Amino acid sequence: MLGVVTWTVDPIIFQSGGLRLGWYGVLFAVGLIVFGGTILSKMWKHENLTEKSFNQLVFYVLIATIVGARLGHCLFYEPSYYLANPVEILKTWEGGLASHGGVIGIMIAIWIYSKKVSHQSMLWTFDRLCVPVGLVAAMIRLGNLMNHEIYGHATDLPWGFRFIENIHQWQAGAEPIFSAPSHPTQLYEAAIYLLVFAVCMWLYWKRDAQKREGLIFGVAMVMIFVGRFLVEFVKNDQVGFEEGMTLNMGQWLSIPFVIIGIASIVYSFKQPIKEYRRGGNSIYQK
């Protein structure tokens, strides 16, 4: 039988002097590099694409994800503070990443990648990149769970979590101050993203949906950001200015991505099915 969980996991796995290894960083890296990289590598081999084009894509995406997510948090959620203290933007170890900013960063990176490397449309790359993205996003949300952050409103549902509110003081030896039983929205989102991953894997490996350009990308965008939009209704505000808003910042930022996803799905069914493997493009093995 389900019951309230008192969550006492330490966000830090190991610390010695100035060296600190946290669950968030480990899960972020494992999701993005190990899981995401392995799945993309298998797809690249399946389509007989060059290793060089794969390595370049990984580089572009890694940089874009980190830079975009950091700038997204700083400019969407706390612009006045970070514009007044721009050096603070560099302090990523203090936390503060926004998934919407990460997506925007990746979109810019893929535009550059498409022009300079693949010479295919941006949708060509997005369709492939979106296959592992749900698994990567789920790992990041598990990192948030480990950090006792981004959880939801108080709830009397039997699966509520009590999180440590004074996490840094607790790590320094203080008695923990627990939240009321709250929605574990990190797990809600992780479950949604795992579903996205399963659907995109099925579309790619079982339905060859990458031949219908824009379909996998569109499905991923709609599922991810509709899910994000709905979960935000039970999630605590991230910053003070969201208090009293009918829709919070996360929801407003999700709406354009849902629209882009719907447009991409409609576009994909208006285009002829494409065969990529026999082209002479430089990203394909000769």
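**Aromatic pairs and overall fold**

By the ring-centre rule, 13 aromatic pairs are counted; rings of Phe, Tyr and Trp (its six-membered ring) pair if their centres lie within 6.5 Å, and planes under 30 degrees apart count as stacked, over 60 as edge-to-face and the rest as tilted. Phe-59 and Tyr-60 form an edge-to-face pair, at 6.3 Å centre to centre and with 85° between the planes. The ring centres of Tyr-151 and Phe-163 lie 4.5 Å apart with the planes at 15°, so this pair is stacked. Tyr-151 sits in the loop between α5 (122–146) and β4 (161–162), and Phe-163 in the loop between β4 and α6 (167–171), 12 residues apart. Tyr-151 and Phe-163 are both buried, whereas Phe-59 is exposed, with a relative accessible area of 54%. Buried means under 20% relative accessible area, exposed over 50%, and partly exposed in between (1.4 Å probe, protein chains only). Ring pairs also link Trp-7, Tyr-151, Phe-161 and Phe-163 into a cluster.

The model is predicted: local features need pLDDT of at least 70 and side-chain atom pairs pLDDT 80 or more, while totals for chains, interfaces and linings use all residues. Residues are numbered from 1 along each chain as its sequence is written, and side-chain values use heavy atoms, with hydrogens and water left out.

The chain has nine helices and four strands, where helices (H or I, at least four residues) and strands (E, at least two) are DSSP runs numbered from the N terminus. Their order along the sequence is β-β-β-α-α-α-α-α-β-α-α-α-α. Buried residues make up 47% of the 286 residues. The C-alpha trace spans about 65 × 40 × 40 Å along its principal axes.
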